[in-house]
Amino acid sequence: MGGACRLRRHDRPRASAFPRPLWSRQGFSSRSPEPGQVDEQVGAPIAPVPQQGPSSGSSLTPHPNLLFCFSARSPNSSPAGGPNPAGDVDMRLAGPLRIVALVVTVALTWIIVSIFLGGPGSGFSRIQQLFTKPRARKYKCGLPQPCPEEHLAFRMVSGAANVIGPKICLEDKMLMSSVKDNVGRGLNIALVNGVSGELIEARAFDMWAGDVNDLLKFIRPLHEGTLVFVASYDDPATKMNEETRKLFSDLGSKNVKDLAFRDSWVFVGAKGVQNKSPFEQHVKNSRHTNKYEGWPEALEMEGCIPRRSTAS
């Protein structure tokens, strides 16, 4: 540890109560100054030295211009010129630390080289794969699994209360939605060619204040093999009559006979089916079970529909 020195000085000269020691080659001199002698450094007359007896005791007061120096040493440090235990420990650890650093450097170099040269794809995309969680793959219309060959993938959602409109997706194409601005209150119906999967026509029919004859004219002349996608929104049944229910029943619906005010309903049928359709969901409007105030929950249905072999 190095030493430190501190010089005590005063901003203005003052007379000392004790005589300033005089320097000589042999050290301090206790010789008293001559009367009237002036201290050149302080600029004031030197006071005479008071005589003290042996029993009166004496005390030494440092002169204000004395220079004090001290040196500090740690209690744990070794004596000057002796061995340093801390330095020996550092030297013993230096070798293993160099080996660890070398191994880490080689490993990082190998990883970087394998990322950029080890396979197809850009290096940046491969680095992203290391730090991002893989997302589940989605197939057509957001299905979790692909449909078999010669099948049409679909997904449909009924309207939520009278706020969110329905959606009908087929083969990754949105046939009806609020974004396409082709949905409305009542029944939303999309007619699709059962062989090619192409959209024939899509319309919304108001079943609260509309004319049910418009709906009848739309579904009466259907051709054999035409697929019919239906999604309700708000009220699907107030204007529905017996003929309308029979037409939907002939398309494969088993719940249309019970459809009532503000029920939720999604259905996929076809002209000329022999059995009831497996693609149908229905929730009754009940104040005890409704998810929304005055409306049941929205329904969501997805699946794979076999293509028709022929269509007339």
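Which residue in β9 does Cys 169 stand opposite? Cys 169 stands opposite Met 174 in β9.

This report concerns a predicted model, in which local features need pLDDT of at least 70, side-chain atom pairs count only at pLDDT 80 or more, and totals for chains, interfaces and linings use all residues. Residues are numbered from 1 along each chain as its sequence is written, and side-chain values use heavy atoms, with hydrogens and water left out.

**The four-stranded sheet**

Helices (H or I, at least four residues) and strands (E, at least two) are DSSP runs, numbered from the N terminus. Two strands pair if DSSP finds at least two bridges between them. An open sheet is formed by four strands in the order β9-β8-β7-β15, with antiparallel pairing. The edges are taken by β9 and β15, each with a single partner strand, so one side of each is left without a neighbour in the sheet. On average, neighbouring strands of this sheet are turned by 25° against each other, direction ignored. Angles run from 0 to 180 degrees between N-to-C directions, and axes are lines fitted to C-alpha atoms, for helices over the stretch in contact.

Within this sheet, Val 157 stands opposite Lys 167 in β8, and Leu 170 stands opposite Lys 173 in β9. Strands β8 and β9 form a hairpin with two residues between the strands, where Glu 171 takes a positive phi near 50°.

| Strand | Partner | Bridges |
|---|---|---|
| β7 (residues 151-157) | β8 (residues 167-170) | four bridges |
| β8 | β9 (residues 173-176) | three bridges |
| β10 (residues 186-193) | β12 (residues 226-233) | eight bridges |

**A salt bridge between strands**

The structure holds eight salt bridges, each defined as a side-chain nitrogen of Lys or Arg within 4 Å of a carboxyl oxygen of Asp or Glu. One of them joins the side chains of Arg 155 and Glu 302 (3.8 Å, N to O). Arg 155 belongs to strand β7 and Glu 302 to strand β15 (residues 300-306), so the pair ties together parts that are 147 residues apart in sequence.

Five strands form another open sheet, in the order β11-β10-β12-β13-β14, and the pairing is antiparallel. Here β11 (199-205) and β14 (280-283) are the edge strands, each with a single partner strand, so one side of each is left without a neighbour in the sheet. From one strand to the next, the twist averages 15°. Val 192 has Leu 227 as its bridge partner in β12.

Helix α3 lies across β10 and β11, running at about 165° to β11. Helix α4 lies across β10, β12 and β13 (264-270), and runs at about 55° to β13.

**Packing of α3 and α4**

Two packed helices are described by the angle between their axes and the distance between the axes. For α3 (residues 212-219) and α4 (residues 242-250), the angle is about 30° and the axes are 10 Å apart. The two helices are therefore roughly parallel to each other; angles under 35 degrees count as roughly parallel, over 145 as roughly antiparallel, 65 to 115 as roughly perpendicular and the rest as oblique. The crossing of α3 and α4 is left-handed, meaning that the near helix is turned anticlockwise from the far one by less than a right angle.

In contact (heavy atoms within 4.5 Å), Val 212, Leu 215, Leu 216 and Ile 219 of α3 meet Glu 243, Thr 244, Leu 247 and Phe 248 of α4. By class, this contact of α3 with α4 has six nonpolar, one polar and one charged residues. Ala, Val, Leu, Ile, Met, Phe, Trp, Tyr, Cys and Pro count as nonpolar, Asp, Glu, Lys and Arg as charged, and the others, Gly among them, as polar.
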